[in-house]
Amino acid sequence: MNILSQTHRGNSIRQDLKRKTMIEFIQNGEVIQGTFKLDKKNDMSNGNYIGVIDCDTKACWQINSDTVISLTII
């Protein structure tokens, strides 16, 4: 069985990212792990891509919600 889409996955991840969250995701074939928070200025609020800020380096990222492996709210 293949899951083609998860309708509310992006919205639920956005809710979790309103606070500092340890997140692990895949980007360009590599696993990225870090502490991120929702970037309210650069997030479009719908769709698969979520705008976040790295809490350590203050760098902006775009995360595809389909590539999220795990997350832990701190």
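The model is predicted. The protein holds 1 helix and 5 strands, and from the N terminus on these elements follow the order α-β-β-β-β-β. Its radius of gyration is 12 Å, close to the 11 Å that the globule rule gives for 74 residues, so the protein is as compact as a globular protein of that length.

**Overall dimensions and packing**
- Along its principal axes, the C-alpha trace of the protein spans about 40 × 25 × 20 Å.
- Of the 74 residues in the protein, 31% are buried.
- Among contacts with a separation of 6 or more, 44% are between residues 24 or more positions apart.

**Surface and charge**
- The protein carries 9 positive and 8 negative side chains.
- The centres of these two sets of charges lie 10 Å apart.

**A closer look at Ser65**
- Is Ser65 buried or exposed? Ser65 counts as buried because its relative accessibility is 1%, and the cut-off for buried is under 20%.
- Leaving aside residues up to four places away in sequence, Ser65 touches Arg9, Gly10, Ile13, Asn48 and Ile50.

Technical notes. Residues numbered from 1 in each chain as written. Predicted model: local features only at pLDDT ≥ 70, side-chain atom pairs only at ≥ 80, totals over all residues. Heavy atoms only, no water. Buried < 20%, exposed > 50% of the residue type's maximum accessible area, 1.4 Å probe, protein only. Contact = heavy atoms within 4.5 Å. Helix = DSSP H or I, 4+ residues; strand = E, 2+ residues; numbered from the N terminus. Rg over C-alpha atoms; globule rule 2.2 N^0.38 Å. Lys, Arg positive; Asp, Glu negative; His and termini not counted. Charge placed at Lys NZ, Arg CZ, Asp CG, Glu CD.
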